[in-house]
Amino acid sequence: MNKPALAPRHARADSQRFALSLTAAAALAALSTTALAQEAAKGEALETVVVTGVRASLTKSLANKRTNDQVVESVVAEDIGKLPDNNVVEALQRVTGIQVTNRAGGEVGAISIRGLPDVATTWNGRNIFTASGTQVALQDIPSTLVRQIDVYKTRDAGQLENGIAGQIDVKSLRPFDFKGSKFSLLARETYLDPAKKWNPQLSGMASNRWKTDAGEFGALVNLSMVKTDYRNESVTPGAMVPFTSPNAAEVPAGYTPLQRIFDNNVWTPGTYTGLPQKAGSTLNFGGTQHPYYLARDAVFQSDVEGQRERPAANLALQWQPNEDAVYTFEAMYNGYRDKAFNKLLFSFVDWWGSLGPNPASTITTFPGTNVIKTRTVNDVYGFNSGDYLTSATDSYVYALNGKWNLGDRLRLDGDVSYQTSKFHSEFTATRLDRVAPSITVDFNSGGGNTAFKFNNNAELVDPAKWNVAQFYDNANRNEGSAATASLNGAYDAEWGPLKTLHFGVRFDSRKASEANRTQSGFLGKNLATLGANYYHVNSNFGTDISDVPRAWIEPNAYYIRDNLDQWRQMYSAADPNFQTTDKLSLQKTFQVKEDTTNLFLMADSEHRVFGRPLRANFGVRYVQVNTGMTAYEVNATTKVVTPKSAEKTARKFLPSLTLRYEPVKDVLVRLNYGETLRRPGFGDLNPVLQLSDDVSRVGYGGGSGGNPGLEPTRSKNLDLTGEWYFQKDSALYGTVFQRKIEGLVVPLRRRIRVGPADDPFRNSTSGGDHSNGYDYVISSPVNASDGEISGVELGAIYFPKGLPGLLDGLGFQGSVTRLTSSQNVPTANNAGQIVSQLESPFFGVSKLSWNATLAYEKGPVGARLSYVKRSSFLAANEAALFANPIGIWRQPEKSVDVQLTYNLNDRMAFDISGVNLTNEMQQQYYKFGDAGSPELTNFGTVQIGRSVSVGFRWKL
């Protein structure tokens, strides 16, 4: 609940008794919000308790949990600029109910609350975002700029309504958080494996406050820079497709042994469960059943070498002219720079020619199945690709806040802010191709890993064996801005049991736009004729994954990007339709203006039940969203741009109720009900089709297009919690919760025919003949699903008392979350009409996740050993083009981390930490219902690697 920080001059007697009942140390850690605000009203300096050490950090997080009306978890900096981890996302992975994934490039890339990724991200209570998205990339916020992170799992009517998963509020430091001047400096080096490079991080903070005749002033500046050189390695088998039998007697007429079956009259690609995998399974060929086999269409591996930079800054100015007013101006900048060179090796393994006199000898199958485990394929086409992606983000937030006491009962909080965020990326990819004499593949050589080798791997690094083929040249620009104003108030009515009325109004005007360009061409020259500057050979690939080629040649993406004008001219000479640099420009694809008006009214009441205190908070929030959008469709032949506009208004009333009861001392029971929304992403509203080529040669391309008629998804949320605070630094707590979600957005597919004039791939050499048009399967989002997610959370923080000797200072933090989820998944015919419904779990929801941390703090030594694990989960769905189960599942993920801190004195500290010490990998497999398994339908391994950091902190 967004309550003004300044409190009335009079204090309630029960708040005074509560404050007086605590010991002095506990009062600093767990003083109620009202009592803290009383001190500000008396004109005394408001000081944030600057905690130091693991134990104090956990104690402060418990205090915040205990005094908050909502179900909230907090991560508090152990010292100035020192969260437990290097960025915001990693710092949250040990919070009860939080799940993280996509570990790559030396960091965690995705976060969810109770399995749901739709999180409202705020900075000091203000909604923030990245570019044209609806959330901020939390990993862009360095931990050194953060004072505290609050994870709200429930929300009242006074809080933002967006984000059905919850809200993550990142709090930064302000000058009035300290009594006087403060200065801190942090230097850190992090070693990443497999990149095998050290990476610097440097941050500094300076703050001071002054008393003058005009009141008290404060100023704080916080700067940070993080640089990371990373390497990601992955090996992936392709999707499954059907083949005829290797035995000539079982092959249908018109086919040869082990020939790939493309005919969609024989089998239907993209079904949810895929084709049956039992030995002897058959397909109908013109009325006759014939057995088929399942195998992968390709194998590929990716070696990504990248460099990432994140500059960040935070400025805060405060002025308190008197005891009844405080003004705060603050600004934040987050930057992101990334350069990634992806060295891709790709080979088809679906060719049926040149098999020799005994095709059956070229394969083996998994026992009892028709799934091919190993095979040797001759005369296989493959390509290497040098992909280079550069991207940059610049996000700025400016805000002015005022808090006022108007008499003894009324408090107001006014806030105006403006933010802007721009993201730009440029992607170039050059392909080399060849036909290799043979390849031998084991699709699961052990542990879900694919192994393969060519007849002569040495040819992979010979430039004379490769031809320069396609060149892809794309760029994007995404922009977003928002102007926001809000005014909240609290009135101490003291009308019997009704104690306080809260009210507020908020207006937000959001703008977003996206623009892109794309082109491709074909060169057709031997790589050796271009000179050594144009190619590059990697090395030492995948040593921890499986037996695969360790090195291969690829276009030197660095050199090509540095000489891009010349490279484009070379392709333009081969293809007059390929544009040179001077003719390129970005074409806007859509722009959106979204105005949101919020009103809320809420009340606090206090009662006695069986002689014990019961607090109630109830209210309603009104939301009105007016969205206007224009999309721009570009004709593939004439390049004529046609704008398409649409407008939509949505209105919602969202009630909330919180009951907070203390049946016995130090035990709390909460009941929370609230309703939240997930608004459609701006990209999901864009109706312009984005088509993709038939690179898998299945007879049709793919594509996507948005739906301007999408409605917000609505969630009805119920939570029941119990908390036992048996020591000031220890607690046991649990929650039972349920989310009923209506109007979930899911993709629906339809098949369309695109004429040659509108076909961007009319000159493509992939797939079939495009001269008379081509079929594309289009996926579009619709509100066609409802779902439910429920679960149980248990958590504990415990620091035993009276442990002997060196064991004194040992503590434990841990939690476990059990989730159950289901939603209906519609199936459509070729016209896009829903013909059936299936049940599926939510994306990203692990049934079980847990973490355990041993903490230690004694004298100058602090330590933490953590283990985090989550069970398997549905990550995404495969494109509807193949014969495998459509779901892409992640194998269970885990990480063992450690951190050791030694305080040299009160001002200086040294720390060392390690992440993923057991060198875990990230693996996927195909599955839907009972179809598929990690053994039969494995799908890719990503080498995450370990990291080790050493740091030094100094404060004054």
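Rings of Phe, Tyr and Trp (its six-membered ring) count as a pair if their centres lie within 6.5 Å; planes under 30 degrees apart are stacked, over 60 edge-to-face, and the rest tilted. That rule gives 33 aromatic pairs here.

Before we zoom in: this model is predicted, with local features needing pLDDT of at least 70 and side-chain atom pairs pLDDT 80 or more, while totals for chains, interfaces and linings use all residues. Numbering starts from 1 along each chain as its sequence is written, and side-chain values use heavy atoms, leaving out hydrogens and water.

First, select Phe183 and Trp954. Their ring centres are 5.6 Å apart with planes at 70 degrees, so this pair is edge-to-face. Phe183 sits in strand β8 (182–192) and Trp954 in strand β43 (947–955), so the pair ties together parts 771 residues apart in sequence. (Strands are DSSP runs of E, at least two residues, numbered from the N terminus.)

Next, pick Phe471, Tyr534, Tyr559, Trp567, Tyr571 and Phe578: ring pairs link them into a cluster.

Now for charges over rings (CZ of Arg or NZ of Lys within 6 Å of the ring centre and within 35 degrees of the ring normal). Show Arg870, whose charged end sits 3.8 Å from the ring centre of Phe873. Then try Arg375, over the face of Phe243 at 4.9 Å from the ring centre.

Last stop: an open sheet of five strands, ordered β1-β6-β7-β4-β5 with mixed pairing (strands pair if DSSP finds at least two bridges between them). β1 (72–76) and β5 (126–127) stand at the edges with a single partner strand each, so one side of each has no neighbour in the sheet.

Key. Helices (H or I, at least four residues) and strands (E, at least two) are DSSP runs, numbered from the N terminus.
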